[in-house]
Amino acid sequence: MFRRLIEGIAAAATIMLAESAVALAEVPSGPPITIGFSMPLTGGLAVNGTSGLLAMQIWAEDTNAKGGLLGRPVKLVYYDDQTNPSLVPGIYTKLLDVDKVDLVVSAYGTNVTAPALPVVIQHNKTFIGLFAMDVNEEFRYPKYFSMLPVGPDPRAAISEGFFEIVKAHKEKLGLKTIALAVDDGEATRNTADGARVNLKKAGLQVVYDRTYPPTTTDFTPIIRAIQATNPDIVYIASYPPDSVGLIRAMHELGLNTKICCGTMTGPQSTSIKTSLGPMLNGIITFDFWLPAPKLRFPGVMEFLQRYQQQAAGKGVDPLGYYLAPWAYADLQVLGEAVEETKSLDQDKIADYIRSHTFKTVIGDVEFGEKGEWKKARLMTVQFQNITSTNIDDFRDGKGEVVLWPEQYKAGEPILPYSAVKH
């Protein structure tokens, strides 16, 4: 028995030594490969920017645990752009000229990605945008790629589902007129451009179409002006702070319309959901991913479990459904391109991204014209049957019913909007 015990200890020691040797072989060494970006960690986009940063940090942890990139550790170098587009060019100039980062990606959001692109182009760097709406339309920069599932016609794609629902109920509800309220920022102007194309296809008459400054804080005059036109449909293109203000004003004034509300950014985020609760009921807008059975791509739920564990108590989106998987996938794409090309050469990296399909936590990603996705894959949802501001009312996609496209459809819209219990 003693001999067996000694043999067992020896075998265990051999296994431990072998595992240690493998672990040592996989420890990244040498100067880090640096990835630079700005991120809105304060200001109006911080509600999502902080979530995106945490996801990127988890990717860096995972990558270094697996040996880094090219055998070297990866290091994130980032600065708070404060949701202020005017700060972004200076940040990327510092990243590239002073910090001399090896790679760059964008911040979260169109308004703070667009100002970075000219700087990146001047430095001839590959650049992946994170939830940036059609920022490469003007430049057509061949090393730009977009982590946003809106396909080759992004401006129209994001509101396509909304107007498909309008068309499906046009006769039944007598839908003829539409009012548009648009935040005067680049992202929202771009989505409104697409909405105007889609509403013409739907045969609607515009009775109100105005922009408002992103600094607006009192939204009751906007809702009153819309209501004065008595529109059948209200379409709003807004960013997180104004989405909250508009929804509260709609609730306070009792907006009377049949279908609302277009492409509001913000209600997809957990903290905004739990701040508004039942006021969200009846709102139809977009979303990019929910933990629905057909959207549980390999690795995404495991990633979210780690994300939620690390998010606890940090003041970031506790569920992370809206942005976190996409921010992680953003760096998955970049990391794979570096590893497979065995290079930091920007042309080689861009050529690889352009010519390959990527398996990521948000499914297959393939890029086409202008660096946009070859095929759109987004959803139109309606908030339904929300009874409280408790986070459990939104966990696992509760409270959001997918209306479009057909392959992800989970229910029917509750209409008219004015009859929904808020």
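I looked up Phe131 first. Phe131 is buried, at a relative accessible area of 5%. Buried means under 20% relative accessible area, exposed over 50%, and partly exposed in between, with a 1.4 Å probe and protein chains only. I also checked Phe288, which is buried at 3%.

A note on the source: this is a predicted model, where local features need pLDDT of at least 70, side-chain atom pairs count only at pLDDT 80 or more, and totals for chains, interfaces and linings use all residues. Residues are numbered from 1 along each chain as its sequence is written, and side-chain values use heavy atoms, with hydrogens and water left out.

**Aromatic pairs**

I took rings of Phe, Tyr and Trp (its six-membered ring) as paired if their centres lie within 6.5 Å; planes under 30 degrees apart are stacked, over 60 edge-to-face, the rest tilted. I get 21 aromatic pairs by this rule. For Phe131 and Phe288 I read 4.9 Å between ring centres and 70 degrees between planes, so the pair is edge-to-face. Where do the two residues of this pair lie? Phe131 is in the loop between β4 (127–130) and β5 (144–147), and Phe288 is in the loop between β10 (284–287) and α11 (300–311), so the pair ties together parts 157 residues apart in sequence. Helices (H or I, at least four residues) and strands (E, at least two) are DSSP runs, numbered from the N terminus.

Next I looked at Phe162 and Phe163. They form an edge-to-face pair, 5.2 Å centre to centre with 85 degrees between the planes. Phe162 and Phe163 are buried.

**Nonpolar cores**

I defined a core as a set of buried Ala, Val, Leu, Ile, Met, Phe, Trp, Tyr and Cys residues joined through side-chain atoms within 4.5 Å. The largest nonpolar core has 91 residues, and Tyr92, Met147 and Phe288 touch the most other members. Helix α12 (residues 324–341) gives the most to this core, 10 residues.

I listed contacts of Met147 (heavy atoms within 4.5 Å). Beyond four places in sequence, they include Phe131, Trp326, Val333 and Trp373. I also found a second, separate core of 29 residues, with Leu246 and Leu276 among them.

**Disulfide**

I searched for cysteine sulfur atoms within 2.5 Å. The structure holds 1 disulfide. Cys260 and Cys261 form it, with sulfur atoms 1.8 Å apart. The S-S torsion is about 90 degrees, so this disulfide is right-handed. Cys260 is buried at 1% relative accessible area, and Cys261 is buried at 0%.
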